[in-house]
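This text walks through one protein model, element by element. Please keep the sequence and the structure in view while reading.

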Amino acid sequence: MTTFYLVDKESGERLRKLTPDEARSIEAVKKGRAGPEEEPHFSLMQEVHRDELRIECGCRPDLPRGPLLGPRRTRPKRIFPVNLRGHDVAHAEDCVFRVEELPKPSIVYSDVFNLISRADAPHGDIDPDFPVNRKSRGLSQGQRPRTMRGVLWTLMSTARLHRLAVADGFSSSENDLAATRDWLMAIQKAAEQFYLPPEVPASEFLFTDPKSWNSGEVGKRLDVARRDRPEFKEPFALLCWFARDVSEYEVNGKNRELGHVKVRTPVVRPIIGDKPVRGPYLFLGVVERSGDGRRWECTKACAHPIVAANCPIPVDSHYERRALGSLRSLVRNLTESAKLKKALGGAVRVELEKPLTRTEVAGGPCLPDFLITVTRPGAYSHLPEGPGHPKHHGRFNPRDRARYVVEVMGFDNEEYERDKEETHHRMRRIGPLSCMEGRKFDSADNPLRRQRETITADIEEDLLERWTVSETT
């Protein structure tokens, strides 16, 4: 049996030797003979994760120090010892933790989209009717999405559908069908700002009308591209529309009139516990040539939950969906607050968004569930408005704008809360943090409405202290 040591992450000092039972347990989990939640493996890995330690493997007695393992947590009770990236000491050939070097693949996988913004494109033929393009620097190499969900969120963010002020505009449509048509047009417009590698306009191969798939138009367009566009070596198309139901290999199987699609591989969607998050969804699929080369098929897809057909804000859970519905009232109540109007000389402007990209703060990145931005009355009244002149110019100014973070807590156990502590600490660098307890939304002591009213009152009090007290001191 291999000898293992607990090691300090910073100094590399050996703290103690693992007991025989501990050593056997991590080897058994690695070989698949035991579950990661079993003792003593779980207690050991919990200690390694909590105290930021490392495990030194003693499989190389020929070296003064052996290769190191670190913790990887996938779920609250699933923590695995894994090889550290960049560590240059290899395990012994017969060690269970040895990783064989595999040859690098020679192909580019089709789920790596690497969208290029129009401002970065070689020809730079920018649409003069789209003012945002004029000042856009495009996406840097590191910002380009490399997953299907990343592409979907890039399109939604560019179309500003993650902001309540924009998304609420579709709720006034005459019906759900008209609403979905309108915000899908906004996504189509957003696609005009991007190219697919190498120089193919994404809008030409993004289809937001289900009829284009059912009628065969998608396949015909790809056949033409395959014949006439040599720069598009392996042409593919993107399907994007509203979905009521999603199963493992099917989209809108029970609502075929909305755009039924069969998918060759399992549809990627958020799962909490062992259950997928309920719809409705925004669906994104990739159409490629089938393996036998005879037809075009949807080879892979993702489906991300949204609030409703007439409100395409993405959410990660049903708790978030319910919270967003209640936070709409918070926005209205703060905007109409008589106390704020009297104290500040007018109505504040309140914006609610679902952040889709991480915010870098001291200590690392964080991704809040919701971000509320409040603008002081008259802060930007001297600037022109209209096309090309957004209301908020310049860098964030705390004298004129205040930001608040809202997190929706889905669980109430100690391990979950401990995992959230570090990210919550980072979020507080953005602004005051409020937590909503999803499991109590229907309780008698702290229901959803009461939680929302508490947050509203806290923000109102903070604004008064921030913008009235500061002027009198």
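This is a predicted model: local features need pLDDT of at least 70, side-chain atom pairs count only at pLDDT 80 or more; totals for chains, interfaces and linings use all residues.

Strand E22 covers residues 370–375, and strand E19 covers residues 349–353. The two strands run antiparallel and are joined by 5 bridges. In general, the strands of a sheet pair through backbone hydrogen bonds, either parallel or antiparallel.

E19 and E22 belong to an open sheet of 4 strands, whose order is E19-E22-E23-E24 and whose pairing is mixed. At the edges are E19 and strand E24 (433–437), each of which pairs on one side only. From one strand to the next the twist averages 20°. At the E24 end, the pairing is parallel: strand E23 (residues 401–409) and E24 share 5 bridges. There, methionine 409 has glutamate 437 in E24 as its bridge partner. Helix H9 (residues 318–335) packs on the sheet and touches E19, E22, E23 and E24. The direction of H9 makes about 170° with that of E19.

Although E19 is an edge strand, 4 of its 5 residues are buried, so the strand is largely enclosed by the rest of the structure. The loop between E22 and E23 contains arginine 376. This arginine 376 counts as buried because its relative accessibility is 18%, and the cut-off for buried is under 20%. A polar atom of the arginine 376 side chain lies 3.5 Å from the backbone oxygen of tryptophan 467.

Now turn to the helices. Helix H6 takes in residues 176–191, 16 residues in total; at 1.5 Å a residue it should span 22 Å, and its end C-alpha atoms, 23 Å apart, agree with that. At its N-terminal end, H6 is capped by asparagine 175, which has a side-chain oxygen 3.1 Å from the backbone nitrogen of leucine 177. Among the buried residues of H6 are Trp183, Leu184 and Ile187. An α-helix has 3.6 residues a turn, so residues three or four places apart point the same way.

Helix H2 (residues 41–50) has buried residues as well, including His41, Phe42, Leu44 and Met45. Proline 40 lies in the loop between helix H1 (20–30) and H2, and a cis peptide bond, with omega about 5°, joins it to glutamate 39. The phi of glutamate 52 is near 55°, a positive value in a residue other than glycine. With a relative accessibility of 48%, glutamate 52 counts as partly exposed.

Arginine 160, in the loop between helix H4 (148–158) and helix H5 (164–167), has a positive phi of about 60° although it is not a glycine. Its relative accessibility of 40% makes arginine 160 partly exposed. Another cis peptide bond joins glycine 279 and proline 280, with omega about 10°. Proline 280 sits in the loop between strand E15 (275–276) and strand E16 (281–289).

Finally, consider the whole chain. It contains 12 helices and 24 strands, and 45% of its 473 residues count as buried. Of the contacts between residues at least 6 apart in sequence, 60% join residues at least 24 apart. The accessible surface comes to about 25,700 Å², and carbon and sulfur atoms account for 48% of this surface.

Technical notes
Residues are numbered from 1 along each chain as its sequence is written. Side-chain values use heavy atoms; hydrogens and water are left out. Two strands pair if DSSP finds at least two bridges between them. Axes are lines fitted to C-alpha atoms, for helices over the stretch in contact, and angles run from 0 to 180 degrees between N-to-C directions. Contact means heavy atoms within 4.5 Å. Buried means under 20% relative accessible area, exposed over 50%, partly exposed in between (1.4 Å probe, protein chains only). Accessible areas come from the Shrake-Rupley method with a 1.4 Å probe; for residues, only the protein chains shown count as cover. The expected span of a helix is 1.5 Å times one less than its number of residues. A polar contact is a pair of N or O atoms within 3.5 Å; within protein, one must be able to donate a hydrogen and the other to accept it, and residues adjacent in sequence count only if both atoms are side-chain atoms.
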